[in-house]
Amino acid sequence: MEELEVFKNRINSYIDKAYAGGVSLLPFLDEARIGILNQEIKRNPALNISYYGGFKNSDRLRAIIANDEFSNEHYKISVFKIIYNKRFYSISHRSILGSLMSLGIKRECIGDIIIDDNHDAYFACTQEISSFIKESFHSVGNAAIELVEELKEIENIIRYDDKLHFVSSLRLDVLISAAYNMSRKEALEYICNGLAFINHINILNPSHIVKENEEISVRHKGRVKLSSVNGNSKSGRIAVTLSKRV
């Protein structure tokens, strides 16, 4: 939480720079920071904010705050494909991230890490450190690797696991309790501590009504979409499909 407070304080300098005619390019942001930034920008409607993460459907995003709109190259993101011997080695999101962090790289300099159905692995990074990564990143665990810069946009394919729930209402606290299998008291604590989001917007009101196709997330608990509202049961409870990202 202290790190988020530091980030909140930094936002003012980004906003001041934009009002002075400058452009602020931020490092990769997680959902909590994106939510905080969106709330602050709402208070400054004269400014423009845009996001890109290097992949289609990126989770971690760089932001540009300015008075103009920008194309993807302005975000200064490099995407690399990791070439390794898939016959003898298996690599994971955790092992790739751990190997990058062991080089002394800050987490904010690394975007999404994607491993597709063919076990091809990709990651995004800020262009500011791409040369260092190319020179220094030679292995993931015991697997020797090579890096090839990926010039076409790769899609981060998002998969969901659907589950039917019967709930008393579409309140945020009720849906969080159902989706994450926790008590209403626990759900309230997450919300009141600023750890619950809907579509990247931090929601502090437990009674906020969630709409169909909106995505709920609780920090460190993953994301769940309210895929459908299926009507009422005989007992008056609401049948909903909650789809958890997998």
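In this predicted model, the charged end of Lys 225 sits over the ring of Tyr 160, at a distance of 4.6 Å from the ring centre.

**Aromatic pairs**

| Pair | Centre to centre | Angle between planes | Class |
|---|---|---|---|
| Tyr 52 and Tyr 75 | 5.7 Å | 55 degrees | tilted |
| Phe 80 and Phe 123 | 5.6 Å | 35 degrees | tilted |

The tyrosine pair links distant parts of the chain, since Tyr 52 belongs to strand S2 (residues 48-52) while Tyr 75 lies in the loop between strand S3 (62-66) and S4, 23 residues apart. With a relative accessible area of 14%, Tyr 52 is buried, and Tyr 75, at 2% relative accessibility, also counts as buried; both assignments rest on the cut-off that buried means under 20% relative accessible area.

The phenylalanine pair joins strand S4, which holds Phe 80, to strand S6, which holds Phe 123, and so ties together parts that are 43 residues apart in sequence.

**The buried face of helix H3**

Helix H3 (residues 93-101) has Ile 96, Leu 97, Ser 99 and Leu 100 as its buried residues. Because these residues cover an arc of only 160 degrees around the axis, they lie on the same side of H3. An α-helix has 3.6 residues a turn, so residues three or four places apart point the same way. The cover over the buried residues of H3 includes strand S4 (77-83), strand S5 (110-115), strand S6 (121-126), helix H4 (130-136) and strand S7 (139-140).

**Nonpolar cores**

The largest nonpolar core comprises 22 residues, and those with the most contacts inside it are Leu 172, Leu 175, Ile 176 and Val 240. At least two residues of this core are supplied by each of helix H5 (172-179), helix H6 (184-192), strand S11 (196-198), strand S13 (215-218), strand S14 (222-232) and strand S15 (238-245), with the largest share, five residues, coming from H5. Once neighbours within four places in sequence are set aside, the residues in contact with Leu 172 include Ile 191, Ala 196, Ile 198, Ile 203 and Ile 216, and among them are also Asn 205 and His 208. A second, separate core has 20 residues, including Tyr 84, Ile 105, Ala 121 and Ile 145.

Notes. Residues numbered from 1 in each chain as written. Predicted model: local features only at pLDDT ≥ 70, side-chain atom pairs only at ≥ 80, totals over all residues. Heavy atoms only, no water. Core = buried A, V, L, I, M, F, W, Y, C linked by side-chain atoms within 4.5 Å. Buried < 20%, exposed > 50% of the residue type's maximum accessible area, 1.4 Å probe, protein only. Helix = DSSP H or I, 4+ residues; strand = E, 2+ residues; numbered from the N terminus. Contact = heavy atoms within 4.5 Å. Arc of directions from axis to C-beta. Phe/Tyr/Trp six-rings, centres within 6.5 Å; stacked < 30°, edge-to-face > 60°. Lys NZ or Arg CZ within 6 Å of the ring centre and 35° of its normal.
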